[in-house]
Amino acid sequence: MNLRENSVRQHAAERDDAADSQPAPTQQPTRSKFVAYPLRREPISTSVPYQRNRWNTSVDGWLILILTLICAFTRLYRIGLSNRVSWDESYFNVRFSGLYLNHSYHHDVHPPLAKLLISFSRFMADGSNRTIEPKGSYPPDFNYTFTRCFTALFGIGLAPLAYLTCLHLNMRRQTCFLAGLLVIADNALCVMSRFVLLDAPLLFFTAAALCSIAGFQNTRHFAFSPAWWRWLFITGASLGLVSSSKWVGFFAVALVGLYTMEELLNMYADFIPASTAIKHFGARVAALIMLPVAIYMASFVVHFAVLSHSGPGDKTMPPAFQARLFGSKLSYQPFTVMYGSQLDLHSMHSGSGLLHSHPHKYPAGSQQQQVTGYSHSDSNNIWVIMRIGNELNYTNDPLLPVKDGDTVRLMHKTTSAMLHSHRSHKAPVSTHDYEVTAYGKPEWNDTNNEWRIEIHKEDSSLANGEIHAITTQFRLRHAATNCLLSAAAVKLPPWGFRQTEVSCSRGQKLKSAANLWVVERHINSRVPSIDMRSIVRTSFISNFIRLNMEMVRSNNALIPDRDKYNHLESGPWSWPFLVYPMRLLGSWNKGDIKYYEVGNPLVWWSSALMCLLYPLQLVYYHVRQVRGIPGVWAPGEELHFWNAGKLLWGGWMLHYLPFFAMGRVTYIHHYLPALYFAILLLAFEVDHFCRRLALGEHFQAVVVAMCAICVLAVFCWFAPLTFGYVGSIDDLKYRQWLPTWNIYQDKYIM
């Protein structure tokens, strides 16, 4: 950081010399001499190698138009050739879009924005909410070509954004054009833009975020000017859009966050006035925190508004949310719980599910009947609540409500066993808790079957001390051991069918969601049912938090099966080197239309090399400067090398390295956002070395032309597998450049 701070101050002093025709001050910078982030400064004409690029419509406009047209051709050419549901189109173009059009609530691991956009395209293409088979071919009258073209528009936008980003990073225009061509000529980026997947919107919004922060960086010496505000808020909007499409977008948020922290630290080091610092900080909070959060939350507002009917994802949400869905079984049921009622008890802890039991025994401990948490509707979820002491005739005696402080017993309806706990045995996983089982008979006088009800919260206006369906949160305290019935989403081993462990917690965390329960479904023919939607209250914030928690849990559950070979999966270590490309269709026979997600090897390998080279360059240049070797940097060169490199290399690192720490299943297309940063870094390095070698613009144009010809030739070589190949795969000779590629035969196990 000292090296960079010295360079920034040196560059700022040179700007002052040119503007004021005064020698640079030798004393430490004072408040009045701050120049790195002034309120306003007019641009200074200079002859340094790295001048601030200016938009030139007659040049930039035409170059962007050319790139857009070429990219449109590669993304749209024969896009409707295959009528088969390909790869994850079965989810996004078939299942989820159909559920959105049906207004049926469903659950997915991704935020809703990109799926809403895809659903909108299906609405424009089809206009119906019919169900389509997730495998096989699309119906003859379904316009799948339109939905593919819609998502391809996001892929088309990558090339002009690459040009604009490099322009904002002050590269020469030949290099900016090369960056756009490299994006166009990558087969993996192309083929993934041609299907109805989330990757195209994700990549577009990622590229938009990078372009906008580069534009903002280019206006940093014109703080609070209209252009400065414009780029700042475009950056915030892009971050909101990318994080609302897939959580990978939060890596872009991290990149901008680190950039902003560096900016603010530089201001602090340069002793800017407190009032100016507050303005800078407030502007960034509003644009880079509040705006993205608002966009992210707004996507969920639309999500909840559209999905107003009961659907396959109901059970992932709290009972109060389910009861407000049209057509839900929970929206019409008895309200006040009576003794003798049949109950489904739902844990308030995310992912714990419903209190459940089945005839299977614990393999160790008491070896009594298992009690678990189960997230799906099942007859084994039903429990009958019974009174302690004088037993009632639940069919003839007057109805008696269950109240706060009552000691009750819970009988499993299917097996007639009682909910039971004891000090004798520990829980199988959470060994600090007591084991919970189903044991005994209703006629047994066993205090280990007794539980005391403690109301925690009443979410309706009828807070009369009685237990109500859905609206009353309560604890079940074991009478004999004083522990609390708990379900903390801890999974049991295979002998427990990977269901949630239910234990009796000795901790006294009264407000913990794991210790809180609610009556999800209440069955009692003697109690009249009412419309629960008029009583149940719920809030967007609580539903928003719960859904995001469920998304986290679902993501964590996507773990690979290491005992099985899956030709689609690949590890992060292999991605930059293109070790394991992926077949997008399972059938690879003659006559089948074949798509292969293989990147352009020249683009992938050279960009990976540049990503490895950049940090070594920083060390090399730093060592030369520390040793006093003259001519290390031309005027402005160091600042440009850092400002551009930190965004491009930092973006690649943040979008790539976190996958090594993830336990979830990974595929090669997870590398595509990082690849975009790597491609732009490759273009930047070409520009940098041409300048370092003092090559003129004409010679650099020759270098760019040679690079473009090579990558376009390789793109065309693999184009049959990008646009869809119908013939026998053996007729495509010399396409297997690495022995691990499964173009011809899938025989390698990762």
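Helices (H or I, at least four residues) and strands (E, at least two) are DSSP runs, numbered from the N terminus, and by that rule F146 lies in helix 5, residues 144-156. The structure is a predicted model, in which local features need pLDDT of at least 70 and side-chain atom pairs count only at pLDDT 80 or more, while totals for chains, interfaces and linings use all residues. Residues are numbered from 1 along each chain as its sequence is written, and side-chain values use heavy atoms, with hydrogens and water left out.

**The chain as a whole**

- The chain holds 18 helices and 17 strands, and its C-alpha trace spans about 100 × 70 × 50 Å along its principal axes.
- Of the 750 residues in the chain, 55% are buried, where buried means under 20% relative accessible area, exposed means over 50%, and partly exposed lies in between (1.4 Å probe, protein chains only).
- Contact means heavy atoms within 4.5 Å, and among contacts between residues at least 6 apart in sequence, 75% join residues at least 24 apart.

**Salt bridges**

- A salt bridge is a side-chain nitrogen of Lys or Arg within 4 Å of a carboxyl oxygen of Asp or Glu, and by this rule the count comes to 15.
- Side chains of opposite charge can pair when their charged atoms come close.
- E520 forms a salt bridge with K315, and the closest N and O atoms of the pair are 2.4 Å apart.
- Because E520 lies in strand 14 (residues 517-523) and K315 in the loop between helix 12 (274-306) and helix 13 (319-323), this pair ties together parts that are 205 residues apart in sequence.
- The two partners fall into separate accessibility classes, since E520 counts as buried at 0% relative accessibility and K315 counts as partly exposed at 24%.
- E454 pairs with R452, with the closest N and O atoms 3.9 Å apart; E454 is buried at a relative accessible area of 14%, whereas R452 is partly exposed at 29%.
- R452 and E454 also belong, together with R475 and R477, to a network of salt bridges.
- D531 and R533 form another salt bridge, with 3.5 Å between the closest N and O atoms; D531 is partly exposed at 32% relative accessible area, and R533 is partly exposed at 31%.

**The surroundings of L484**

- L484 is found in strand 11, residues 484-486, and is buried, with a relative accessible area of 0%.
- Not counting residues up to four places away in sequence, L484 touches R475, L476, R477, S503, C504, S505, G507, L510 and N515.
- The C-alpha atoms of L484 and N515 are separated by 6.3 Å, although these residues are 31 residues apart along the chain.

**A nonpolar patch on the surface**

- F120, F123, M124 and F146 form a nonpolar patch on the surface, with about 390 Å² of accessible area together.
- Patches are made of residues with over 30% relative accessible area and no salt bridge, with like charges joined within 9 Å and nonpolar side chains (Val, Leu, Ile, Met, Phe, Trp, Tyr) within 5 Å.
- Helix 4 (residues 113-125) gives the most to this patch, with 3 residues, and F146 is partly exposed, with a relative accessible area of 32%.

**The largest pocket**

- About 1400 Å³ of space lies in the largest pocket, and of the 48 residues that line this pocket, the closest to its centre are D88, Y91, L558, R664 and Y667.
- On a 1 Å grid over the protein atoms alone, a pocket is an open set of points where a 1.4 Å probe fits, with protein on both sides within 12 Å along at least five of seven lines, and lining residues have an atom within 4 Å of a point.
- Helix 3 (89-102) and helix 14 (540-556) each supply at least two residues of the lining, and helix 3 gives the most, with 5 residues.

**Positive phi values**

- Most residues other than glycine have a negative phi.
- F224 has a positive phi, near 70 degrees; F224 is found in the loop between helix 9 (199-218) and helix 10 (226-243) and counts as buried at 18% relative accessibility.
- L578 has a positive phi near 55 degrees; L578 is found in the loop between helix 14 and strand 16 (582-583) and is buried, with a relative accessible area of 0%.

Note on methods. Areas by Shrake-Rupley, 256 points an atom, 1.4 Å probe, with all protein chains shown as cover. Points joined across faces, edges and corners; volume = space filled by probe spheres on them.
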